[in-house]
Amino acid sequence: MSTTTTLAPVLSMTGVSKRFGAVQALKDIDFDVAAGEVVALVGDNGAGKSTLVKTIAGVYSPDGGRIVFDGSPVTITSPSQAQALGIATVFQDLALCDNLDVVGNLFLGNEVLRKRALDEVTMEQESWRLLRELSAKIPSVRIPVASLSGGQRQTVAIARSLLGAPKVVMLDEPTAALGVAQTAEVLNLVERLREKGLGVILISHNMSDVMAVADRVAVLRLGLNNGVFRVADTNSQEIIAAITGATTNAVTARAARRAPQEEQS
Amino acid sequence: MTTSQTPPSTDPTGAGPVPSDLQDERLIASQGIGGWASATWDRVRSGDLGSLPVVVGLVLIWGVFYALNPLFLSSRNLVNLTVQMVPIGVIAIGVVLVLLLGQIDLSVGSMSGLAGAVVAVLFVNQGLNIWVAIAAALVVGVATGLVYGMLFNRFGVPSFVITLAGLLVLLGLQIRTLGTDGTINLPFESGLVQFASQQFLPAALAYVLAVAVPAVYLLTRLNTDRRRSAAGLSAQPLATVALRAGLLTVLLLAATYVLNRDRGVSYMVVLFVVLVVVMDLVIRRTRWGRSVLAIGGNVEAARRAGINVKRVYLTVFTLCSTFAALGGVLAAGRLASANQSSGGADTNLNAIAAAVIGGTSLFGGRGSAYSALLGILVIFSISNGLALLSVSSDVRFVVTGAVLLLAVVIDSLSRRSRVAHGRA
């Protein structure tokens, strides 16, 4: 597994800031993800996760800071530009058309044409290739997406994001509202993305999911970096403390001050 | 997913590799004609009714009217029926398109009336060439649709309100265009009137078409199946394809035979059927059609997929108004006149009702161009049958209204059932 920090990051942000009116949503954020690495982005509500994700996805443009993608500095001004660069985003609401079948959803907006008509045969073949590659268990690609389970829908949404051959995939709470088995399915999928050499950014509130698949965990708190942890060297307690700010409040600060004093006395 | 990672790669009979779309062990195998029939039955039971209710309804309606007055199924009356239904049927094609988007156009009736008035005034009063007059009417339709689309895209006003306002504006324009005359008669020998009421396919040509169309269908399907097999996907069994083509041939030959005993198949009917088939192909087989269905299913998903949603709205509203204008032109041709009540009364509701009765959902994203054909057949069978029984128009309105209500109820119920069976 490529968890070594020697790898050059495929996406790296330094000193990124974003403010909405009087609210400083992001302040001097540093964040990076390497190819073949899963970085979990965690933080409480209002910590700035969504703002950071939308900045990467091109929905918001940052007020300041530097974004380097694949070795060259970029400014991402629109979602389509982010996609063209190779940043795919799977938003929480998935955005699938329930009335279309799996093939229709996978290729929506990128249909394969043959003599100006939709080439259903090639698209279906390609769908199976893609789904097999992800070892996804979809019984048929010719059934409406409405009849799929939550995990299968998530699979379709992730498979669709891979069609444009991206370098970075962002998953916004992919396991929210999923059952135990379906969560495991999606986590397998995340690992398969890593094996394919993609940089994966995983936004999640679920600490066990984060500990299960992530290589590193970046914590945001109140719009600021609040630590980056290597999963191998940390535990949930430490991360939760960073998320909630338990290590930075008056009580812990005092406890920390007193500890060395007590040792001296 | 974690229990078994290896799909069965060979099928039990050992006859070769299983097509890649049939490898999942959860799929219920359905082979041959029996399998196709049982799969169809399962789909119907779960609420994916397609055009089944309307076909059943049509058979019932024809049975009842035949029992009440055998003249109903006479060749003469059926030829009348096919010719009567075309103008509003053409309008209904456009209505199907806006319904697929989950929108509505309430002004198709007035639009058709205005188009008829434009043709009559330009051709009769101004003495222009008939084709120029028709083109002008169609341009008015295009312009109206563009205005609707722009208003919808720019201000986000519900299409319901925009087209309700349009209904009144177009009605005013229609009355203004006709001026003090009120009624303008088109000369009987003009090309439009001849086309709409007098010209029929030669009997032999009609038979040739009745065989050629299923043959083309068969060849296309076989070609698709060949490509699917080559791509390692499952192909439909030959027997099923042949059965469908055979049924289509029998149906077309029977219809041709019955119609040919009287005047035959009108050119206008051929035009209508061609428009329906072309629109069906456009909806199912083009990128634009796929966008229309996607927007009807989930606008936000379509937008995020990079579809130019506004352009699709604009084109659909434009096409709908243009089809309405074409319907108005054909109506003027069939009746050889345009007057202040053209496109009034029940034109609007018949066109919308036809699309809904034919099986296009009011909720968007579900339906087909064929629903215009099937729905208009139902509506005109009822009105034609009741007219044969000398029933007054009050009863006709009530019956048509009841049928529309029934169709909408079936739409809602089947939608609920689809949700319950996971096919929504």
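K18(A) stands opposite L26(A) in β2(A). The model is predicted: local features need pLDDT of at least 70, side-chain atom pairs count only at pLDDT 80 or more, and totals for chains, interfaces and linings use all residues. Residues are numbered from 1 along each chain as its sequence is written, while chains are lettered from A and ligands numbered from 1 in the order in which they are written.

- Strands β1 (residues 9-20) and β2 (residues 23-34) of chain A pair antiparallel over eight bridges; pairing requires at least two DSSP bridges between two strands.
- Strands (E, at least two residues) and helices (H or I, at least four) are DSSP runs, numbered from the N terminus.
- β1(A) and β2(A) form a hairpin with two residues between them. In the turn, G21(A) has a positive phi of about 60°.
- β1(A) also joins strand β4 (residues 64-69) of chain A, antiparallel, through five bridges. There, S12(A) stands opposite V68(A).

**Open sheet, chain A**
- Six strands form an open, mixed sheet in the order β6-β9-β10-β3-β11-β12.
- β6 (87-90) and β12 (224-230) of chain A stand at the edges with a single partner strand each, so one side of each lacks a neighbour in the sheet.
- The twist averages 20° from one strand to the next. Angles run from 0 to 180 degrees between N-to-C directions, and axes are lines fitted to C-alpha atoms, for helices over the stretch in contact.
- β3 (residues 38-43) and β11 (residues 216-221) of chain A run parallel, joined by five bridges. V42(A) stands opposite V219(A) in this pair.
- Helix α5 (residues 150-162) of chain A lies across β6 and β9 (168-172), at about 165° to β6(A).
- Helix α6 (residues 180-195) of chain A packs on the sheet, touching β3, β9 and β10 (199-203). The direction of α6(A) makes about 155° with that of β10(A).

**Helix pair, chain B**
- The axes of α3 (residues 75-100) and α13 (residues 309-335) of chain B come within 7 Å and cross at roughly 175°.
- That makes α3(B) roughly antiparallel to α13(B), a label for angles over 145 degrees.
- The contact includes V83(B) and I91(B) of α3(B), and F317(B) and R334(B) of α13(B).
- Its residues divide into 19 nonpolar, two polar and one charged. Nonpolar covers Ala, Val, Leu, Ile, Met, Phe, Trp, Tyr, Cys and Pro; charged covers Asp, Glu, Lys and Arg; the others, Gly among them, are polar.

**Interface**
- 34 residues of chain B are in contact with 29 residues of chain A; contact means C-beta atoms, placed from the backbone, within 7 Å.
- α11(B) gives the largest share of chain B's side, six residues.
- That side divides into 11 nonpolar, 11 polar and 12 charged residues.

Methods
Contact = placed C-beta atoms within 7 Å. Parallel < 35°, antiparallel > 145°, perpendicular 65-115°, else oblique.
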